[in-house]
Amino acid sequence: MNITKVLNHLGNDVSWSINNNDYETIKWDKRKKPKPTYEECIVAWEKIKPEVGLNKLRKIRDELLRKSDKYVLCDWPHKNEEEKEAWLFYRKELRNMPENVDLTTNNNGVLININWPKKPI
């Protein structure tokens, strides 16, 4: 469980700090609301875990799209039309990923069973 992300979710209006993702080290400003229990953190983590994984996927996907931008420019010197179409298809598959992904995550919020599209050679 990523307690830091949980606290951002639960305590975005409260001052708090934590060391090494350790619940026992949380310093919480109790004037606005009480510190969440460990059990409340677990429940909140299960709720936000898919979103955390999806955000990581989008970050990687966006970087892959950025790195492949040059291959879809109209003046990029492709060897043939087939190569150009392969790059267009690859980018389409990347753009479709958030909707076509199994949102199963491990305990750290990392999506598992991700099948990334194959980059054209």
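Cys-41 is buried, with a relative accessible area of 0%, whereas Cys-74 is exposed, at 80%. Here, buried means under 20% relative accessible area, exposed over 50%, and partly exposed in between, with a 1.4 Å probe and protein chains only. The structure holds zero disulfides, a disulfide being a pair of cysteine sulfur atoms within 2.5 Å.

A word on the source. This is a predicted model, in which local features need pLDDT of at least 70 and side-chain atom pairs count only at pLDDT 80 or more, while totals for chains, interfaces and linings use all residues. Residues are numbered from 1 along each chain as its sequence is written, and side-chain values use heavy atoms, with hydrogens and water left out.

I turn to the cores. A nonpolar core is a set of buried Ala, Val, Leu, Ile, Met, Phe, Trp, Tyr and Cys residues joined through side-chain atoms within 4.5 Å. The largest one has 13 residues, and those with the most contacts inside it are Ile-3, Val-6, Leu-7 and Ile-26. Two or more residues come from each of α1 (3–10) and α2 (38–68); α2 gives the most, with five residues. Helices are DSSP runs of H or I, of at least four residues, numbered from the N terminus. A second, separate core of 10 residues includes Leu-54, Tyr-71, Tyr-90 and Leu-111.

Which residues does Leu-7 contact, leaving aside its neighbours within four places in sequence? They are Asn-12, Trp-16, Ile-18, Ile-26, Trp-28, Pro-36 and Cys-41, where contact means heavy atoms within 4.5 Å. Ile-48 lies in helix α2 and is buried, with a relative accessible area of 5%. With neighbours within four places again left aside, Ile-48 is in contact with Lys-5, Val-6 and His-9.

Finally, helix α3. This helix, residues 81–96, has 16 residues and reaches 23 Å from its first C-alpha to its last, close to the 22 Å expected at 1.5 Å a residue; the expected span is 1.5 Å times one less than the number of residues. Which residues of α3 are buried? They are Glu-83, Trp-87, Tyr-90, Arg-91 and Leu-94. Seen down the axis of α3, these buried residues fall within an arc of 90°, so they line one face of the helix; the arc is that of the directions from the helix axis to the C-beta atoms. The buried residues of α3 pack against α2, while on the other side Glu-82 and Phe-89 are exposed.
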